[in-house]
Amino acid sequence: MPTLADIAQLLNCPAPAGAERVSINAVAAIDEATADQITLVNSERYATQLSTTQAAAAIVQRRVKVPAEWENRSLFVDDTDLASIKVLELFAPPVPKPPIGIDPTARVAPSAQLADGVAVGPNVVVGNDARIGRGTVLHAGVFVGDNVAVGEQCEFFPHAVIRERITIGSRVIIHAGSVLGTDGFGYRWDGRQHLKVPQIGTIIVDDDVEIGSCVCIDRAKFGATRIGRGTKIDNLVQVGHNVQIGPHCIIVGQVGLAGSAKLGAGVVLGGQCAVRDHVQMGDGAAGAACSAVAEDVPPQTIVSGTPALPHRQSLREQAALRRLPDLVVQVRKLQEQIKELQKHIAG
Amino acid sequence: MPTLADIAQLLNCPAPAGAERVSINAVAAIDEATADQITLVNSERYATQLSTTQAAAAIVQRRVKVPAEWENRSLFVDDTDLASIKVLELFAPPVPKPPIGIDPTARVAPSAQLADGVAVGPNVVVGNDARIGRGTVLHAGVFVGDNVAVGEQCEFFPHAVIRERITIGSRVIIHAGSVLGTDGFGYRWDGRQHLKVPQIGTIIVDDDVEIGSCVCIDRAKFGATRIGRGTKIDNLVQVGHNVQIGPHCIIVGQVGLAGSAKLGAGVVLGGQCAVRDHVQMGDGAAGAACSAVAEDVPPQTIVSGTPALPHRQSLREQAALRRLPDLVVQVRKLQEQIKELQKHIAG
Amino acid sequence: MPTLADIAQLLNCPAPAGAERVSINAVAAIDEATADQITLVNSERYATQLSTTQAAAAIVQRRVKVPAEWENRSLFVDDTDLASIKVLELFAPPVPKPPIGIDPTARVAPSAQLADGVAVGPNVVVGNDARIGRGTVLHAGVFVGDNVAVGEQCEFFPHAVIRERITIGSRVIIHAGSVLGTDGFGYRWDGRQHLKVPQIGTIIVDDDVEIGSCVCIDRAKFGATRIGRGTKIDNLVQVGHNVQIGPHCIIVGQVGLAGSAKLGAGVVLGGQCAVRDHVQMGDGAAGAACSAVAEDVPPQTIVSGTPALPHRQSLREQAALRRLPDLVVQVRKLQEQIKELQKHIAG
């Protein structure tokens with residue numbers, strides 16, 4: 001079990017006196033921590049709870065004031081978020097994985113190529129001519145279709161489905177239950193029925209992408225749907241055919257991207273945000289949670305609302321809307337006053 | 001096949017004359033019922049359809065008037081909803097389950113502990129040191145990770161995924177395709193990339209919870225995401241890391257709860273409602289369908305709209321908004337009238 | 001590899017001179033096409049890009065003007081959408097399918113009836129007394145419950161779950177990860193707990209329906225949830241119990257249909273649209289993306305907004321809302337002017 005001194009060393013910050021005698025067995029929230037746990041204090045609000053917490057010690061944002069008795073139980077750091085990553089890694093239990101090799105219940109096509117160190121769990125299916133890179137882990141029930149190419153050190157969680165002809169980079173994580181490669185949603189009414197537009201394209205997922213659970217990414221009509229390097233996608237997100245997502249985007253849960261939407265680098269979309277088909281958002285643009293982005297958004301611009309407007313305008317309209325019921329009354333009163341004035345003058 | 005008299009006895013209400021000669025083979029909607037079926041009438045609106053229905057009999061809310069010829073074909077009850085539960089149970093076909101024991105295609109770790117009466121279906125995976133309580137049913141393709149603890153009489157439907165180190169109470173139902181235990185969505189930009197914040201916590205699901213299909217519940221960053229006793233969650237709901245849901249909540253389809261949101265007891269969230277991260281809703285609070293709850297909600301308070309406001313205020317604003325286009329015209333007219341008056345007086 | 005002449009023949013349009021010497025290996029977007037690919041031009045906007053594209057040829061909407069040098073590299077058609085369907089079919093790689101017969105890892109109940117030409121992939125489960133029609137394909141991990149009836153030439157993609165007693169027509173496509181037959185979401189508070197209302201009904205899916213990935217369709221409380229002939233449903237859609245969807249509807253991604261909602265023929269719902277329980281939408285009605293349909297919608301009527309209003313009214317309100325912040329200022333100014341006038345007159 002690490003000591004407070006070990007943690008101080010890990011975070012590269014001064015250790016309080018006696019820190020080598022304080023054992024720490026976990027990170028815990030300030031109101032749940034027990035006497036052998038460490039907590040995180042990144043604001044004055046949490047600092048006030050230090051007087052009542054049971055925690056043995058705290059990692060504290062440098063500018064935050066702590067009670068005097070906490071001075072020698074605190075590790076002061078420049079950035080509690082970065083510090084928490086290191087400390088959580090220290091305490092992280094290993095994620096169970098199937099052993100390297102092919103589970104006897106897995107169905108791997110003879111023509112599939114598995115590099116060294118690949119782990120294939122129970123009931124996994126790997127199709128013809130699929131290629132799986134070194135160290136990649138396929139958990140139970142994963143489906144990898146024909147001609148899929150997967151890079152190195154990827155991890156696909158149970159029941160993830162990667163259909164045929166998709167290309168996935170290295171260090172890509174796909175969580176349980178997600179589906180890549182469903183046909184894009186395209187039909188053409190012929191007067192009697194909706195004709196299906198063939199969706200013959202593919203999907204390209206770049207390196208270091210993480211995809212949550214129950215995410216649906218559709219294959220392109222032709223060409224490719226693309227997810228840029230380092231982009232992170234939360235659960236239950238819909239990515240339509242031919243969508244182009246740039247690198248390092250953050251797509252929060254339940255977002256919907258309609259066909260051919262295009263996001264630049266570092267775009268952030270809040271939960272349940274919807275982006276209309278063919279809409280383009282520039283580098284560093286953002287759509288607020290629950291907003292409906294129906295027009296192109298310039299780089300570095302935040303939009304919000306339904307339909308989404310520049311955030312400042314949206315806030316102004318919301319503020320005005322709060323006053324609207326009163327405004328209706330005021331206008332009625334003005335109408336009466338004017339009628340009075342008109343009568344007076346006419347008289 | 002039960003008779004109308006049997007059903008009267010079940011509902012503890014008087015049987016009409018001859019009820020023992022009327023066989024009933026199903027419950028059906030008033031406009032679909034055939035001559036050997038019973039229907040439900042809980043409002044005057046349905047009562048008017050009694051004159052045309054083919055149904056043999058009706059269960060009628062006591063205060064509702066029925067046509068004279070229906071007096072002796074109706075069972076009058078205090079609460080048609082409660083009555084319908086009893087009658088539907090009477091006609092419910094049994095839900096097929098795998099037989100007790102372990103299917104030969106299932107992969108149960110030797111160190112897993114299965115209590116008496118557990119049924120493990122085809123292609124199920126149960127991980128190391130998992131514990132499954134008495135009478136629990138794991139349908140085909142269910143994945144239960146290492147060190148998961150499941151209580152008694154649970155039922156997990158096909159392909160549900162319960163990842164490692166999660167604790168689930170008794171009589172919990174998890175429907176097909178849901179995923180518990182995906183990493184929470186947490187990253188920290190380091191200037192070059194999004195660093196992944198380790199998500200080392202767990203999930204605790206209390207007794208008598210029901211979880212729909214394709215629901216995603218993320219594990220906590222540290223500590224636990226919690227679903228309180230008796231809470232019911234519909235399909236396609238997103239529950240972020242460290243969310244705390246109290247007992248007896250009702251979470252309708254496609255709701256999204258962002259990280260660390262906290263719901264008290266008996267909170268109701270309508271379909272597609274979104275709750276911002278760290279927002280707290282008090283006991284008995286409610287968020288309307290399609291609302292976006294961005295601020296704390298006191299107990300017993302209904303909010304609606306995007307952003308969500310107290311429901312009465314929201315209704316007032318909506319009503320005023322309906323008049324807004326006219327208001328714009330009225331204000332323009334007022335401006336002209338005032339200009340006239342000013343001219344008149346100046347003249 | 002087809003030539004441009006072959007494609008001209010396929011589209012029944014004149015071939016430019018030398019078309020039989022131009023080989024085409026794929027369809028590609030105008031800004032991505034290489035020298036052996038054909039592109040699509042359905043608007044002037046794309047036509048202007050013809051001067052810079054590398055494409056060998058183009059399929060052009062008849063009314064669109066192309067640069068002179070493109071006259072003899074263009075195939076002019078009445079409808080590029082219909083033409084694209086034919087050309088995409090020409091280049092479509094075959095979708096991999098399990099071979100006809102039953103994979104040795106599949107679990108097919110002895111009492112199940114499989115017609116000729118059925119393909120059952122790895123780890124598929126087919127329950128007791130299920131009936132699968134001629135030529136239907138069940139990809140890896142599909143679950144078909146007891147007493148399910150499936151028509152001919154259907155295709156269910158990996159891990160789709162069709163629970164017991166459901167009826168599915170012919171030529172129905174269900175994409176990976178979708179779940180049909182989960183209990184409808186119905187409870188009754190008894191003062192202590194939410195009693196579960198038994199959901200004993202079923203689902204009927206008509207011919208030629210296509211259902212995307214991670215779609216949830218709940219079984220009826222009693223009677224049937226119905227999806228009409230030729231209706232197309234995108235990913236992550238929620239269909240509540242007893243919903244009735246007419247023929248030829250288009251339901252875009254992340255739509256939510258609450259219990260007993262009823263759609264006529266040819267209804268279109270944009271992405272994330274929500275329809276309240278028991279609401280009826282007439283034939284040819286439409287709900288815009290992100291709208292919340294809370295009241296019945298007459299036939300051939302488009303509604304938009306939250307709550308949804310007739311689209312024209314919604315647009316008028318949105319336009320007025322854009323002016324609301326200014327309106328607040330104008331009203332304040334009017335109030336001051338009137339005060340001035342009143343003072344003047346009183347004086």
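This is a predicted model: local features need pLDDT of at least 70, side-chain atom pairs count only at pLDDT 80 or more; totals for chains, interfaces and linings use all residues.
Some background to start. Side chains of opposite charge can pair when their charged atoms come close. Over all chains, the structure holds 45 salt bridges. I will go through a few of them.

Take A:D103 and B:R107. Their side chains form a salt bridge, with 2.5 Å from N to O. On chain A, A:D103 sits in the loop between β5 (101–102) and β6 (107–108), while B:R107 belongs to strand β6 (residues 107–108) of chain B, so this pair joins two chains. How accessible is each partner? A:D103 has a relative accessible area of 11%, which means that it is buried, since the cut-off is under 20%. B:R107, at 29%, is partly exposed.

Another pair is B:E317 with A:R322. Here the salt bridge spans 2.7 Å, N to O. B:E317 lies in helix α4 (residues 311–346) of chain B, and A:R322 lies in helix α4 (residues 311–346) of chain A, so this pair, too, joins two chains. Is B:E317 buried or exposed? B:E317 is buried, with a relative accessible area of 5%. A:R322 has 28% relative accessibility and counts as partly exposed.

Now a pair within chain A. The side chains of A:E164 and A:R163 meet in a salt bridge at 3.1 Å, again N to O. Both A:E164 and A:R163 are buried.

Last, a network. Which residues does it link? Salt bridges connect A:D79, A:D81 and B:R188 in a network.

That is the end of the examples.

Key
Residues are numbered from 1 along each chain as its sequence is written. Chains are lettered from A and ligands numbered from 1 in the order in which they are written. Side-chain values use heavy atoms; hydrogens and water are left out. A salt bridge is a side-chain nitrogen of Lys or Arg within 4 Å of a carboxyl oxygen of Asp or Glu. Helices (H or I, at least four residues) and strands (E, at least two) are DSSP runs, numbered from the N terminus. Buried means under 20% relative accessible area, exposed over 50%, partly exposed in between (1.4 Å probe, protein chains only).
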